[in-house]
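Hi,

Here is the structure I promised to pass on.

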Amino acid sequence: MGSKLLSARQIAFMALGMSIGVGLFLGSASAIQSAGPSVLLAYTISGGIIFLILRALGEMTVHNPVSGSFAAYAHEYLGPYAGFLSSWNYWILMVGVGVAESTAVGIYMKAWFPDVPQWIWVCASIASICALNLLAVRAFGEAEFWFALIKVVTILALVVGGGMMIFAGWGNNGEPLGLANLWQHGGWFPNGISGMLIALPIVAYSFAGVEMIGIAAAEAENPKKTIPRAINSVLWRILLFYVAAIAVILAIYPWNQIGTQGSPFVTTFERLGIREAAGAINFVVITAALSSFNCILFSGARILKKLADEGQAPSMLRKVGSNGIPTRAVFATVACMAFGVLLNFVMPDRAFGYMMSILAFNVAWTWGMIALTYVAFQRRMKRSGIASEFPMPLRKASPAICLLFVAFVLFMLGYHPESRVSLYAGGIWTVALSALYFMANRAAKRDAAEAGF
């Protein structure tokens with residue numbers, strides 16, 4: 001039995017694989033341009049709140065480790081309607097991000113093979129990740145561990161090498177760079193407090209995906225020990241992989257020059273004497289996208305199977321293979337992700353941006369539902385008199401802090417004209433899903449009445 005389950009090491013790296021995607025390697029520049037050095041504060045605040053959201057999910061998971069994670073808990077503690085919306089919303093998010101990540105693979109493969117159409121790489125990445133997800137769970141987890149390890153090693157190399165450049169003068173003719181760039185170009189808040197606040201939602205989305213720890217819980221070894229260990233390790237990893245990496249980059253380059261000459265990871269490694277830095281980082285970014293895509297398909301298939309188990313998706317999707325994999329749910333999710341092949345055939349230059357711009361609502365919805373579900377969970381635990389095995393820090397204040405943060409993120413989505421499309425898209429599919437739910441409920445009641453129940 002144990003050989004079919006995920007270890008603490010694999011689950012922790014799966015969460016890292018989801019959260020350390022192409023955003024850190026290439027997308028951090030936009031947050032830096034908005035906030036300047038205060039982006040470090042934005043990463044710290046966002047990371048802290050995401051950690052609280054993860055701890056809320058962790059407390060519920062340790063109490064009842066089930067497939068479907070937060071969506072299953074929304075169904076149990078808030079009702080079938082909340083569970084239905086949460087599950088389908090998250091599945092839509094997984095499909096959309098899967099399209100975006102496979103598109104990212106296509107974009108970066110073009111750096112090596114400019115004459116090969118982008119959609120071919122998208123198709124190849126979808127096929128390869130589908131094959132990985134059909135392996136036994138343990139084999140899938142091991143593949144994801146090595147995917148994520150490549151990213152981790154790259155970031156550690158940046159932190160160590162950059163640190164030696166700052167304090168020992170490596171790559172700078174022996175002259176230490178020091179930390180003056182953190183305050184010499186307009187101070188800590190060059191664009192004011194508002195610049196940091198504008199960067200908060202951008203930074204927050206880079207942590208999207210850590211919640212998949214809960215989805216993996218049902219296939220974990222001894223989840224009551226594995227899940228707390230994996231969740232508690234997330235905080236220091238956020239500080240190391242995000243805050244330390246961005247701090248090193250900000251110390252080496254004036255903040256207003258970052259992003260103007262390509263990825264800061266590439267330029268930093270080139271200064272350290274790694275001539276093939278561009279090719280190496282290209283490989284790492286492709287690996288980062290494949291790693292995220294791997295976890296996305298894993299999560300999406302489990303959510304879809306859980307919906308089928310609860311009668312909220314076609315019953316044929318319940319089927320599980322002899323190795324414990326929900327094969328039909330995997331194929332159904334991949335089939336919808338194949339939309340990305342068409343999108344990249346029609347508009348290869350805009351496919352990635354379109355997908356990411358409309359998915360921010362789904363991310364905020366997921367975090368908000370985890371916080372709301374946790375409030376209902378707390379009340380039930382209090383009524384039953386059961387003590388929690390993995391209590392959340394600041395249990396009374398934390399849910400309110402998390403919900404206020406989610407409300408702020410949604411407000412910022414509406415505040416910026418270019419991100420409002422996410423609210424429009426989110427509103428449309430929430431209304432559509434609600435209509436489907438109530439229509440299906442009415443039909444089920446009518447069938448029950450006709451059967452005499």
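In α3, Ile50, Ile53, Ala56, Leu57, Glu59, Met60 and His63 meet Trp367, Ile370, Thr373, Tyr374, Phe377 and Met381 of α16 (contact means heavy atoms within 4.5 Å; helices are DSSP runs of H or I, at least four residues, numbered from the N terminus). The residues of this contact split into 10 nonpolar, two polar and one charged (Asp, Glu, Lys and Arg count as charged; Ala, Val, Leu, Ile, Met, Phe, Trp, Tyr, Cys and Pro as nonpolar; the others, Gly among them, as polar).

Before you go on: this is a predicted model, where local features need pLDDT of at least 70 and side-chain atom pairs count only at 80 or more, while totals for chains, interfaces and linings use all residues. Residues are numbered from 1 along each chain as its sequence is written, and side-chain values use heavy atoms, without hydrogens and water.

α16 (residues 360–384) also packs against α17 (residues 398–415), at an angle of about 160° with the axes 9 Å apart (axes are lines fitted to C-alpha atoms over the stretch in contact, and angles run from 0 to 180 degrees between N-to-C directions). So α16 is roughly antiparallel to α17 (angles over 145 degrees). Among the contact residues are Trp367 and Tyr374 of α16 and Leu403 and Val406 of α17. By class, that contact has 15 nonpolar, two polar and no charged residues.

Lastly, the second largest pocket is lined by residues including Val375, Gln378, Met381 and Arg395. Its lining has four nonpolar, two polar and four charged residues (a pocket is an open set of points on a 1 Å grid over the protein atoms alone where a 1.4 Å probe fits, with protein on both sides within 12 Å along at least five of seven lines; lining residues have an atom within 4 Å of a point).

Cheers

Definitions and conventions:
Helices (H or I, at least four residues) and strands (E, at least two) are DSSP runs, numbered from the N terminus. Angles under 35 degrees count as roughly parallel, over 145 as roughly antiparallel, 65 to 115 as roughly perpendicular and the rest as oblique.
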